[in-house]
Amino acid sequence: MIDSSWNVLLLGGASGVGKSRAAAELARSSGAFVVEFDDVVSAVQRLTTAEQHPALHCFDRIPDTSVLDVDRVVELQITTADALQPALLGVVDNRLTIDMPAVVEGDYLSPAAAARAVQEGTEIGRDIRAVFLHEGDPEQITANYAAREPNSGLQTHRARVSAQYSHWLSDQAALHGLPVVSSRPWHDVAVRIERALDRATSRG
């Protein structure tokens, strides 16, 4: 068992880097509840329109993102993540009303929003922590997609987008003083996440 003191752990990272697997392992080891931020994203998008909140609907008219340059897709992902900052803070606020630790994981969890959540937690005496998983090799992410979605073909463009977005998330996390953990090796990723969080807390 992992002896976790945190109330909420924010686990960010690009698509296909192993967040869901890590979140599930952390939850089992610490008795935490897993919140899929992607579910919140879908709900917020259903409640709004492109006219009301265009930054939340960047991909509405782009059913196939492979027609766009990798840089452009990553730019749209960043725009969407930035627009979702209030939603993430709302999720954290709600989880703090429940006497059970939670792991919140998702692609659109931005380092800026995570850092703000950590700071707000400190101000009210609650232990909110954040960590970002990183995988910068598009070939590895392609293999991850193939294992997870075997009927979707070789998703090389999507993997290139994910790898570049992962680099951006890692760079931003570092700027905000948040730990970044390599996705590999997978067998001890949960332990390495806890160690990174402990080191970050000690430095803080």
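Buried means under 20% relative accessible area, exposed over 50%, and partly exposed in between, with a 1.4 Å probe and protein chains only. Keep that handy for the exercises. This is a predicted model, where local features need pLDDT of at least 70 and side-chain atom pairs count only at pLDDT 80 or more, while totals for chains, interfaces and linings use all residues. Residues are numbered from 1 along each chain as its sequence is written, and side-chain values use heavy atoms, with hydrogens and water left out.

**Exercise 1. Val 189**

Work out whether Val 189 is buried or exposed, and which residues it is in contact with.

Solution. 
- Step 1: find the spot. Val 189 sits in helix 8, residues 189-203. Helices (H or I, at least four residues) and strands (E, at least two) are DSSP runs, numbered from the N terminus.
- Step 2: apply the cut-off. Val 189 has a relative accessible area of 4%, so it is buried.
- Step 3: list its partners. Contact means heavy atoms within 4.5 Å. Leaving aside neighbours within four places in sequence, Val 189 is in contact with Ala 22, Leu 133, Ser 182 and Ser 183.

**Exercise 2. The largest pocket**

Say what lines the largest pocket, and which helix gives the largest share.

Solution. 
- Step 1: Its space comes to about 510 Å³.
- Step 2: The lining has 24 residues, and the closest to the centre are Phe 59, Gln 77, Asp 107, Tyr 108 and Arg 158. On a 1 Å grid over the protein atoms alone, a pocket is an open set of points where a 1.4 Å probe fits, with protein on both sides within 12 Å along at least five of seven lines; lining residues have an atom within 4 Å of a point.
- Step 3: Helix 2 (37-47), helix 3 (70-83) and helix 7 (156-175) each supply at least two lining residues. Helix 7 gives the largest share, five residues.
- Step 4: By class, count 11 nonpolar, nine polar and four charged residues in the lining. Ala, Val, Leu, Ile, Met, Phe, Trp, Tyr, Cys and Pro count as nonpolar, Asp, Glu, Lys and Arg as charged, and the others, Gly among them, as polar.

**Exercise 3. The whole chain**

Say how many helices and strands the chain has, and what share of its residues is buried.

Solution. 
- Step 1: There are eight helices and five strands.
- Step 2: Of the 204 residues, 47% are buried.
- Step 3: The C-alpha atoms fill a box of roughly 45 × 40 × 30 Å along the principal axes.

Note on methods
Points joined across faces, edges and corners; volume = space filled by probe spheres on them.
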